[in-house]
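Thanks for coming, everyone; please have the sequence and the model open while I talk.

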Amino acid sequence: MRDAHRKTSVYENVGKQFNKAADLMRLDPHIRRILSKTTNEISVNFPVKMDDGRIKMFTGYRVQHNDTLGPYKGGLRYHPAVDIDEVRALATWMTWKSGIVDIPFGGAKGGIQFDPCVCSSSELERITRRFTFALGCNIGPEYDIPAPDVNTNAQIMAWILDTYLSTQPPHTRQANRHVVTGKPVEAGGSLGRDKATGQGVVFTIEEWAKEKGLNLDGATYTVQGFGNVGSWASRLLKAHGAKLIAVEDATGAIANEKGIDADDLTNYVAKTGGVKGYPGAKETDHKTLLSTKADIFIPAALENQITAETAPLLQVRLVAEGANGPTDPAGDDILNKKGIDILPDILCNAGGVIVSYFEWLQNKRSEFWDLGEVDSKLYKKMVSAYARVRDTAKEFNTDWRTAAYIVALRRLEKVYKERGIFP
Ligand code: NAD
């Protein structure tokens with residue numbers, strides 16, 4: 001993956017996608033004005049004591065885009081490229097996502113600009129706890145609920161939970177466990193949350209394959225990003241008999257036309273930290289990965305990967321967007337012209353926020369659902385969202401990304417009209 005893409009504003013991409021949908025559906029101009037802005041943008045600078053005794057300053061963000069449909073909801077990212085532009089974009093996509101899959105959440109996102117790969121576990125813990133403390137009452141179980149994203153996981157959610165609860169009056173603590181989702185199961189997390197995003201990606205791929213008459217048994221796929229989303233999507237597709245033929249992550253790219261065992265690769269990555277050097281495949285490069293002929297490509301890493309420059313390379317039937325914002329508007333145009341189908345991020349990767357909603361509900365009700373219940377509820381939500389987007393694409397004779405936006409914007413427009421604008 002090249003880093004030149006970083007110069008492109010991701011938030012500008014969101015604006016272009018939004019305007020295209022708003023024009024087509026003739027979104028009320030007042031509501032358009034409201035939704036084109038974020039509501040709150042919190043930026044915090046905070047000190048952390050590092051292992052060598054030095055005090056380092058960190059910058060963290062939380063952007064709350066919209067809470068018309070419910071409390072702000074969205075992940076936290078730890079990455080050197082995190083900035084306010086990226087967090088604004090990711091927060092806005094969260095609003096659309098919840099609207100599409102019909103869950104009572106708004107959109108938010110946050111992150112800290114730093115490289116967690118060079119920190120010790122105790123430094124990560126102190127950075128996380130100090131960030132949570134700095135955010136203070138800007139997050140809360142009925143107000144703004146973080147979750148995992150790139151380079152954050154269940155352990156980090158547990159530290160956020162513990163820090164948040166420790167700063168609350170003792171008699172309210174038990175009632176606040178839903179301040180964060182994606183927690184370890186023992187700490188109040190939901191079964192199925194770890195695989196939820198990958199599972200949702202695979203549910204939408206199944207629907208697409210059924211409609212296209214493609215048998216997933218024997219179908220080929222390539223994946224960019226082999227973290228939570230990429231590895232789970234790969235493992236769940238393997239169960240259909242599909243063949244993973246190339247993978248790329250931050251450490252490099254690998255390929256094997258005979259197939260790469262996604263479970264074995266997951267174990268390898270857990271031990272080594274990346275796909276590089278995996279003995280069951282040969283080393284390849286970024287460009288070759290993108291040009292690999294396959295049925296399905298799953299981008300599951302960062303934004304702006306499929307662009308005017310790289311979209312012409314793709315030789316697949318479907319791009320299933322596990323990542324947020326992997327395709328920029330120029331890339332979209334090229335894929336559409338080439339006749340490559342796209343399952344847009346705000347539909348395809350919504351499984352994570354759906355199961356986060358289930359976790360939040362279980363915490364509120366002091367319930368604990370079994371995996372079958374979580375999976376079947378997730379399946380229902382994903383399949384009905386898929387059908388809504390498909391039908392809207394037909395109704396407006398448009399691409400699926402624009403259709404997905406229209407599904408969300410229609411819902412938001414309706415609620416704004418019902419409630420009116422205060423005062
Ligand atoms: P993760 O940190 O678990 O994994 C990220 C993966 O991307 C890693 O394999 C990493 O090596 C790879 N990567 C990073 N930089 C790269 C580079 N320069 N080139 C190639 N690969 C690179 O993160 P995740 O939770 O799997 O998130 C991946 C994407 O999915 C992000 O866009 C995220 O916003 C989106 N997403 C995540 C969730 C979730 O529940 N975790 C939900 C919805 C969307």
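Let me start with lysine 377 and glutamate 373, whose side chains meet in a salt bridge, 2.8 Å from N to O, the term meaning a side-chain nitrogen of Lys or Arg within 4 Å of a carboxyl oxygen of Asp or Glu. This is a predicted model, so local features need pLDDT of at least 70 and side-chain atom pairs count only at pLDDT 80 or more, while totals for chains, interfaces and linings use all residues. Residues are numbered from 1 along each chain as its sequence is written, and side-chain values use heavy atoms, with hydrogens and water left out.

Both residues of that pair sit in helix 13 (residues 371–396), 4 residues apart, about one turn of the helix; helices (H or I, at least four residues) and strands (E, at least two) are DSSP runs, numbered from the N terminus.

Now compare arginine 77, which forms a salt bridge with aspartate 149, with 2.6 Å between the closest N and O atoms. Arginine 77 belongs to strand 3 (residues 72–78) and aspartate 149 to the loop between strand 5 (144–148) and helix 5 (154–166), so the pair ties together parts 72 residues apart in sequence. Arginine 77 and aspartate 149 are both buried, meaning under 20% relative accessible area with a 1.4 Å probe, protein chains only.

How values were computed
Buried < 20%, exposed > 50% of the residue type's maximum accessible area, 1.4 Å probe, protein only.
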